[in-house]
Amino acid sequence: MYTEQVMDHFTNPRNVGEIKDANGVGEVGNMKCGDIMRIYLKVNEDEVIEDIKFRTFGCAAAIATSSKITEMVKGKSISDALKVTNKQVAEELGGLPAPKMHCSNLAADALKKAIENYQANRAKQR
Amino acid sequence: MRKVYLDHAATTRLNEEVLKEMLPYLTEHFGNPSSIHSYGRKARAAIEEARERVATALGAAAEEIIFTSGATEANNLAIRGIARALREKGNHIITSAVEHHAVYDTCLALQKEGFDVTILPVDEYGMVSVNAVADAITDKTILVSIMLANNEVGTIMPIAEIGKLCRERGIPFHTDAVQAIGNIPVNVDNLNVDLLSLSAHKFYGPKGVGALYLRKGTRLSVYHHGGAQERKLRPGTENVAGIVGLGKAIELAVKDLEPKANRIRALRDKLQEGLLAIEHTKLNGHPEQRLPGNLNVSILYVEGESLILSLDLKGIACSSGSACTSGSLDPSHVLMAMGLDHQTAHGSLRFSLGVDNTEEDIDYVLKVMPDIVARLRSMSPVYQGGSK
């Protein structure tokens with residue numbers, strides 16, 4: 001039911017973990033649906049994502065999309081990162097089973113929240 | 001890679017002896033059982049022999065057995081058939097919150113058609129209480145349907161007591177015995193049931209065939225129309241080879257039931273002990289009143305589908321009650337009815353053991369499981385490294 005890319009990211013997820021001194025953290029999902037994704041960002045002075053990590057509770061699709069998005073945006077500017085959509089993440093993984101498209105495909109939402117959190121933190125500092 | 005099948009509650013491997021008896025009815029004895037020539041008579045005789053075997057296994061009479069395409073059809077036939085037959089007497093049906101969808105959804109469909117359906121709650125072990133059934137019965141009650149043993153958590157219901165109660169009140173009592181046959185004794189008189197559903201592929205028979213036991217004198221309305229087969233209650237040319245397979249499979253299933261069940265239970269207990277030794281795990285289902293081969297555990301802080309896939313990559317087959325595997329957005333209705341919180345339900349795993357499992361199978365699962373759990377927990381945002 002899953003593509004090879006999904007299984008690859010599920011079995012060997014990239015960038016798992018936390019960033020202790022993260023300057024942006026975002027979480028989406030809830031335990032009711034059984035998917036929770038949390039993304040940690042380290043954004044540098046030039047507004048480039050220097051480091052990104054995730055922790056996810058959920059099915060293989062949830063874990064794979066989390067892993068994939070970290071790979072897609074690491075080293076990118078936050079403005080470019082914000083352009084990534086859930087649909088693109090799924091496409092990069094060779095597609096997801098239809099029922100997973102809406103429930104477990106939330107990585108871009110988590111990233112967006114993390115970036116917003118970073119921006120809010122920045123605004124406070126100024 | 002080692003392959004370990006621990007999903008016998010989903011389906012079982014066809015027994016070789018069963019296959020051997022079925023094969024001639026797919027080839028040389030291909031006659032239509034309704035034909036009066038020798039081809040037809042050969043097939044008819046095979047069906048009637050299978051009917052005797054099913055009846056004997058259940059402690060019933062042959063004429064009380066109706067062959068169907070499986071338990072889903074048997075459940076539909078039983079529930080809809082009684083509901084229509086007794087519509088003049090009343091419109092109240094009692095069932096439980098942990099029934100298989102073949103019963104549960106059929107009752108909900110009748111509710112939409114205007115029947116009054118009481119869905120009884122269960123306790124934390126998935127058990128229906130006899131008193132709750134007694135309290136729910138009204139003078140409009142025309143059917144009670146409670147499963148014999150639950151398919152997800154294995155809890156064995158007090159069917160004989162509920163049956164006694166229904167008998168006293170003159171209410172037809174149906175039980176879905178799909179998971180019970182071949183695992184615990186099933187005798188229609190001891191259980192006080194009027195209708196009972198079963199399916200061959202759960203006890204090493206073929207898929208696509210089952211039966212409904214219908215106690216003599218129980219009225220049932222027809223809802224499929226066609227030929228005169230199966231007393232017109234299940235018209236259509238019979239699945240002869242399947243029925244032959246069902247007959248042989250049930251004969252083998254009830255043979256030496258106790259030693260087989262004891263051996264499986266011992267393996268199950270070993271698996272249970274080993275899995276519950278992993279931190280933050282919980283047994284789902286009744287600690288004692290449970291099918292010998294069933295083990296349902298929740299692995300907290302991780303999700304069931306991830307667990308299943310990880311186990312599958314190691315050659316181990318099992319199932320889960322998580323939303324991702326239920327085909328809906330919600331986790332298993334059984335686990336939710338037992339009062340589990342969402343996380344515990346999403347992290348549930350069902351292992352169901354069968355006659356082919358060995359001690360080595362269990363050792364292998366226990367060997368690979370801790371690493372799988374640790375890996376998924378290390379990724380989990382809700383796991384704080386050991387402390388809740």
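Among contacts in chain A between residues at least 6 apart in sequence, 62% join residues at least 24 apart; two residues are in contact if their C-beta atoms, placed from the backbone, lie within 7 Å. The model is predicted: local features need pLDDT of at least 70, side-chain atom pairs count only at pLDDT 80 or more, and totals for chains, interfaces and linings use all residues. Residues are numbered from 1 along each chain as its sequence is written, while chains are lettered from A and ligands numbered from 1 in the order in which they are written.

Chain A contains six helices and three strands, arranged along the sequence as α-β-β-β-α-α-α-α-α. Helices (H or I, at least four residues) and strands (E, at least two) are DSSP runs, numbered from the N terminus.

The radius of gyration of chain A, 14 Å, agrees with the value near 14 Å for a compact globule of 126 residues; it is taken over C-alpha atoms, and the globule rule is 2.2 Å times the number of residues to the power 0.38. The C-alpha trace of chain A spans about 50 × 30 × 25 Å along its principal axes.

At the interface, 19 residues of chain A are in contact with 19 residues of chain B. The following elements of chain A each supply at least two residues of the side that touches chain B.

| Element of chain A | Residues |
|---|---|
| α1 | 4–11 |
| β2 | 35–43 |
| β3 | 49–57 |
| α2 | 60–73 |

The largest share of this side, three residues, comes from β3(A).
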